[in-house]
Amino acid sequence: MNLKPSFLDRRTNTQKINHEDFQAVENLAMELVKFLPRTSQRPIVFVCIGTDRSTGDSLGPLVGSFLEEKDIPFFHVYGTLDEPIHAVNLTERLSEITLKHQDPYIIGIDACLGRMKNVGVIQVADGPVKPGAGVNKDLPAVGDIHITGIVNVSGFMEFFVLQNTRLNLVMKMAKTIANGIYQASILHSKGRLQELMQEQKKTN
């Protein structure tokens with residue numbers, strides 16, 4: 001679980017999408033594509049942060065597991081229910097990712113707490129996510145951009161609030177995020193294929 005709402009509110013380039021909106025998946029995909037690098041040289045890596053030991057904090061690994069079931073070419077996914085990325089192993093896993101992928105474009109995914117009126121909102125924002133900030137943990141920032149889902153209300157006993165967050169809400173938000181990423185992968189793949197075809201024409 002990541003940052004407090006006051007930190008999010010200061011971001012100027014944050015797009016908010018309610019997971020119940022009719023076109024939430026399509027809107028999320030379009031917003032995500034806008035952020036993706038135009039160059040094909042940087043591998044795109046999703047780092048899904050959280051743990052299944054806490055209902056509210058399971059958003060990230062649920063997204064990772066849903067993505068693992070889909071065919072998403074050109075995207076790399078880390079952090080699932082089977083192999084979660086959490087406070088204990090975050091630094092180690094980030095080191096492994098940067099060693100495996102040259103100059104990766106990282107998208108951090110995490111749950112967060114916020115205002116009552118924003119519960120259920122998915123945010124796509126420029127800059128890294130800061131895992132653990134909402135529960136006073138000092139962990140490395142993650143991502144060139146990030147996707148967060150506001151799963152419950154902040155302000156008092158955050159750890160207890162996360163533990164008692166409704167799984168139904170977290171599941172729905174995770175599916176919306178995963179489906180949005182999947183659609184973004186299709187749009188991105190079409191762009192990559194067009195680039196490859198243009199490169200082939202130049203070499204022929």
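1. **Ground rules.** This is a predicted model, in which local features need pLDDT of at least 70 and side-chain atom pairs count only at pLDDT 80 or more, while totals for chains, interfaces and linings use all residues. Residues are numbered from 1 along each chain as its sequence is written, and side-chain values use heavy atoms, with hydrogens and water left out.

2. **Overall layout.** The protein chain has 6 helices and 6 strands, where helices (H or I, at least four residues) and strands (E, at least two) are DSSP runs numbered from the N terminus. Along the sequence, the pattern reads α-β-α-β-α-β-α-β-β-β-α-α. Of the 204 residues, 50% count as buried; here buried means under 20% relative accessible area, exposed means over 50%, and partly exposed lies in between (1.4 Å probe, protein chains only).

3. **The sheet.** The 6 strands make an open sheet with mixed pairing, in the order E1-E5-E6-E4-E2-E3. Strands E1 (14-18) and E3 (75-78) stand at the edges with a single partner strand each, so one side of each has no neighbour in the sheet. From one strand to the next, the twist averages 20°; axes for such angles are lines fitted to C-alpha atoms (for helices over the stretch in contact), and angles run from 0 to 180 degrees between N-to-C directions. Two strands are taken as paired if DSSP finds at least two bridges between them.

4. **Antiparallel pairings.** E1 runs antiparallel to strand E5 (residues 121-126), and 5 bridges join them. As a handy place to check this, Asn 18 has Val 121 in E5 as its bridge partner. E5 is also joined to E6 by 5 bridges, again antiparallel, and here Ile 122 stands opposite Gly 149 in E6.

5. **Parallel pairings.** Strand E4 (residues 105-114) and E6 run parallel and are joined by 8 bridges, with Ile 109 opposite Ile 147 in E6. E2 and E3 also pair in the parallel sense, over 4 bridges; Ile 44 stands opposite Phe 75 in E3.

6. **Covered strands.** Strand E6 (residues 145-153) is mostly covered, with 8 of its 9 residues buried. In strand E2 (residues 44-48), 5 of the 5 residues are buried, so this strand is largely enclosed by the rest of the structure. Side chains in a regular strand alternate between the two faces of the sheet. In E2, Ile 44, Phe 46 and Cys 48 point one way and Val 45 and Val 47 the other way, and all are buried.

7. **Helix H2.** The 12 residues of helix H2 (residues 24-35) should span 16 Å at 1.5 Å a residue, and the end C-alpha atoms are 17 Å apart, which agrees. The expected span is 1.5 Å times one less than the number of residues. The buried residues of H2 are Ala 24, Val 25, Leu 28, Ala 29, Glu 31, Leu 32 and Phe 35.

8. **Salt bridges around Arg 42.** The whole structure has 4 salt bridges, each being a side-chain nitrogen of Lys or Arg within 4 Å of a carboxyl oxygen of Asp or Glu. In one of them, Asp 103 meets Arg 42, with the closest N and O atoms 3.3 Å apart. Asp 103 lies in the loop between helix H4 (90-100) and E4, and Arg 42 in the loop between H2 and E2, so the pair ties together parts 61 residues apart in sequence. Arg 42 also forms a salt bridge with Asp 144 (3.7 Å, N to O). This pair links distant parts of the chain, 102 residues apart, with Asp 144 in the loop between E5 and E6. Relative accessibility is 48% for Asp 103, which counts as partly exposed; Arg 42, at 21%, is partly exposed, and Asp 144, at 28%, is partly exposed.

9. The side chains of Arg 93 and Glu 96 meet in a salt bridge (3.0 Å, N to O). Both residues lie in helix H4, 3 residues apart, about one turn of the helix. Arg 93 is buried, with a relative accessible area of 14%, whereas Glu 96 is partly exposed at 38%.
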